[in-house]
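Student: I've just opened this one and could use a hand. Can we walk through it together?
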Amino acid sequence: MNKKVYIETYGCQMNVADSETVAGIMHSRDYSAETDINSADVIIINTCSVRDNAEKKIWNRLDYIKSLKRKNKNLKVGIIGCMAQRIAEKLLEHPVVDFVAGPDAYRNLPDLVSETDIGFKLSNTDFDISETYSGIEQLKTGTDEISGFVAITRGCNNFCSYCIVPYTRGRERSSSYKDIIAEVKSLANKGFKEVTLLGQNVNSYLFEDDENKVDFPLLIKMVAHTVPEMRVRFTTSHPKDISDALIDAIAENKNICNHIHLPVQSGSNKVLELMNRKYTREWYLERIKTIKEKIPDCGLSSDIFCGFSGETEEDFQETLDLMNIVGYDLAFMFKYSVRPGTAASKNLEDDVPEEAKKERLSRMIKVQNKISLAKNRADIGKTYEVLVEGHSKRSEEMLFGRTEQSKVVVFPAENAKRGDFVMVKITEASSATLKGIIV
Ligand code: SF4
C-alpha cells in the first residue's frame, strides 16, 4: 500500500516550488500526497534560515510532532531546505528527526526515507552544482490552480555579507530554457493563469547549449510568446543586473506584468558597501529612473532593512530619503539580525543597539505606509485588469485579486469567479488595499 507523505513549507516562494518538486519526486516512487499531518506515514518539513525567527518556528513544530510520533511509532520525520543545510547534525540530534536533506539532495529523498527503516538517522547535504531538478514533474501541494511557480535558477554567487543563502543553496546554476518552457506549457495546459519565474537572482540567468545562448531578457520573452494568454512575473532581481534589455522586454510584451521587485536593502553607499551589495545608491536610482521612463505605470516593491552593522542615523536618513524618491508601492521591511556563518557574522560587529533597530524599523514602516497610501489614492478613478484569486476573507460577496502591478484589489463579486480576468474601476484606497467595482 502507498505510503502517505505530508509536506509542510516555510519561507520563500523558492521553497514553495521546491516542495512541489519534492512532492513530484515522492509521487514518482509511489508515495501519495497527504494533506492531514495526523494521517501521514512520512512528514517532510521544508525550512528557511533567512532569520532567527524562521528557525525558531521549526524547533517549536518538532516539539508538537513528538506527540504524533508517540501515537505512530513508524512515523518518519525529515527536515529539508536551508536550515537542514545549515545545521544538519544539530537537527539529527533532535529525537523526532530521522533524516535531513539539503536543497541539492532531494532527488534521492525516497531512498533516504527507506534507509531510515533500519533505524539509522541519515543526512545528505552534499552540494551538486549541476542539480536543477530538470525533468521532475512538480506536484501541486496547495489547491491554488491560478498561479504557478517555475524555478529558473538555483543557488547564488553574490555573497551579500548578511545573507546565509549562498551557504545553504550553493553556487548559482540555470535550468535549461527547454525545461522551463516545457514546465510553463504544462502549467498553461492545466489552466493556470499566471506563472512566476523564480530564482535568488533571476537577472543572472544564463543557459547555453549547441543551439542557443539564452540570458534572462531573452528567456522571459520566450516564455511570454509561448503562453500569450498567461500573466508572466519574475522574482527576485538583483539591482546590479537589471538591464535595459530586461526593462525593454517588460515594456514591449503585454503579458509580462508591469511590476518589478527590486530589493535595495539600504539607501546609504557606506552601508551598501558593508553589505557587499555591489551597487551604489546612484546606480540604483538611475535604474529606477530608467524603469519609470520606459514603463510609466510599473509597480515597484523592495526589501529594505535597518540597523545593519555600522549604520548611523545619517545612513538611515539616506534610506528614508531614497524610499521617498523611489515611491515604492510596497516594501518588505526588517531590522537586521545576525545569521551565524555569514561574512558579516565573522567580520562585522552587530553594533546598532536593539532599541535603535526597533525604533528605526517603526519609523521606516511609517514612511512606507504614507507612500503606499498616496500611491494607492492616486489610483482612484483608474481602471485595472485584475486576475481574480478568490473570495475576500471579510465577505463571501466580495472577491479579491491582483493588478499586474501586484496590487491587491477587493470588489463585489457579481458573476466573476476565481481565475477570471476582470476590469475593475478603483473607487477607494487604503495603504494596503484598493477597492473598486467591475466595469
Ligand atoms: S543576492 Fe544577496 S541577499 Fe539575495 S540570495 Fe544572493 S546573497 Fe542573499
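Student: Which residue in S13 is the bridge partner of Leu198?

Tutor: Happy to start there, with a caveat: this is a predicted model, where local features need pLDDT of at least 70 and side-chain atom pairs count only at pLDDT 80 or more, while totals for chains, interfaces and linings use all residues. Numbering runs from 1 along each chain as its sequence is written, and side-chain values use heavy atoms, leaving out hydrogens and water. Strands here are DSSP runs of E, at least two residues, numbered from the N terminus. Across in S13, Leu198 has as its bridge partner Thr235.

Student: How many bridges join S10 to S13?

Tutor: Two strands count as paired if DSSP finds at least two bridges between them. S10 covers residues 194–198 and runs parallel to S13. The number of bridges joining them is 5.

Student: What is the radius of gyration of the protein chain?

Tutor: The chain has 14 helices (H or I, at least four residues) and 21 strands. The globule rule, 2.2 Å times the number of residues to the power 0.38, is compared with a radius taken over C-alpha atoms. For 439 residues the rule gives 22 Å, and the chain is close to that, so it is as compact as a globular protein of that length, with a radius of gyration of 22 Å.
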